[in-house]
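Subject: Structure handover

Hello,

I am passing on the structure we spoke about, together with notes on what turned up in it. Please have the model open while you read.

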Amino acid sequence: MAALDLFGRRWSLQIVWELHDGPSGFRSLQQRCDGMSSSVLRQRLLELAEAGLIRQADDRRYALTSLGEDAYQALRPLVQWSQRWADTLTDHDPGE
């Protein structure tokens, strides 16, 4: 339940998703997470770091830890399912 609570917080999943391509600086990460305020980004980065999913390197960029990479891999089936769900909704005729 703790993992669901963490990932249920707005932007947490997107931060993990964005970092799977490699380390990112604060501003770059904020730009990739459209509309996120800097205070919310700081808070989510702190929470994800405390949970052991991300770390801040010496060059100040953020990266997934091995545990964070595991979380990303665990989330991939959910992303695949959500795409199938979205396709179903797009194909669905509201008059049926």
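A residue to start with is Thr-65, which touches Gly-52, Leu-53, Ile-54 and Arg-55, residues up to four places away in sequence not being counted. Thr-65 sits in the loop between strand S2 (62–64) and H5. Its relative accessibility is 17%, so Thr-65 counts as buried. Please keep in mind that this is a predicted model.

Core

The largest nonpolar core has 19 residues. Those with the most contacts inside this core are Ile-15, Val-16, Leu-19, Leu-29, Leu-45, Leu-48 and Ile-54. At least two residues of the core come from each of helix H1 (2–8), H2, helix H4 (38–50), S2 and H5.

Packing of H2 and H5

How do helix H2 and helix H5 pack, and at what angle? Helix H2 (residues 12–19) and helix H5 (residues 66–91) pack at about 110°, and their axes are 10 Å apart. Angles of 65 to 115 degrees count as roughly perpendicular, so H2 is roughly perpendicular to H5. On the H2 side the contact is made by Leu-13, Val-16 and Trp-17. On the H5 side the contact is made by Gly-68, Tyr-72, Leu-75, Arg-76 and Val-79. By type, the residues of this contact divide into 6 nonpolar, 1 polar and 1 charged.

Leu-75 of helix H5 is worth a separate look. Leu-75 has a relative accessibility of 15% and therefore counts as buried. With neighbours within four places in sequence left aside, Leu-75 is in contact with Leu-13 and Val-16. Leu-75 and Val-16 are 59 residues apart along the chain, and their C-alpha atoms are separated by 9.6 Å.

Salt bridges

How many salt bridges are there? The count comes to 5. As background, side chains of opposite charge can pair when their charged atoms come close.

- Glu-18 and Arg-32: their side chains meet in a salt bridge, at 3.0 Å from N to O. This pair links distant parts of the chain, with Glu-18 in helix H2 and Arg-32 in helix H3 (residues 26–32), 14 residues apart. Glu-18 is buried, with a relative accessible area of 16%, whereas Arg-32 is partly exposed at 28% relative accessibility.

- Asp-5 and Arg-9: the side chains form a salt bridge at 2.6 Å, N to O. Asp-5 is partly exposed, its relative accessible area being 44%. Arg-9 is also partly exposed, with a relative accessible area of 29%. Asp-5 and Arg-9 belong to a network of salt bridges that also links Arg-44 and Glu-47.

- Arg-61 and Asp-59: the closest N and O atoms of this salt bridge are 2.9 Å apart. Arg-61 counts as partly exposed at 37% relative accessibility, and Asp-59 is partly exposed with a relative accessible area of 44%.

Regards

Notes
Residues numbered from 1 in each chain as written. Predicted model: local features only at pLDDT ≥ 70, side-chain atom pairs only at ≥ 80, totals over all residues. Heavy atoms only, no water. Axes fitted to C-alpha atoms, helices over the stretch in contact; angles between N-to-C directions. Helix = DSSP H or I, 4+ residues; strand = E, 2+ residues; numbered from the N terminus. Parallel < 35°, antiparallel > 145°, perpendicular 65-115°, else oblique. Contact = heavy atoms within 4.5 Å. Nonpolar A, V, L, I, M, F, W, Y, C, P; charged D, E, K, R; others polar. Buried < 20%, exposed > 50% of the residue type's maximum accessible area, 1.4 Å probe, protein only. Core = buried A, V, L, I, M, F, W, Y, C linked by side-chain atoms within 4.5 Å. Salt bridge = Lys/Arg side-chain N within 4 Å of Asp/Glu carboxyl O.
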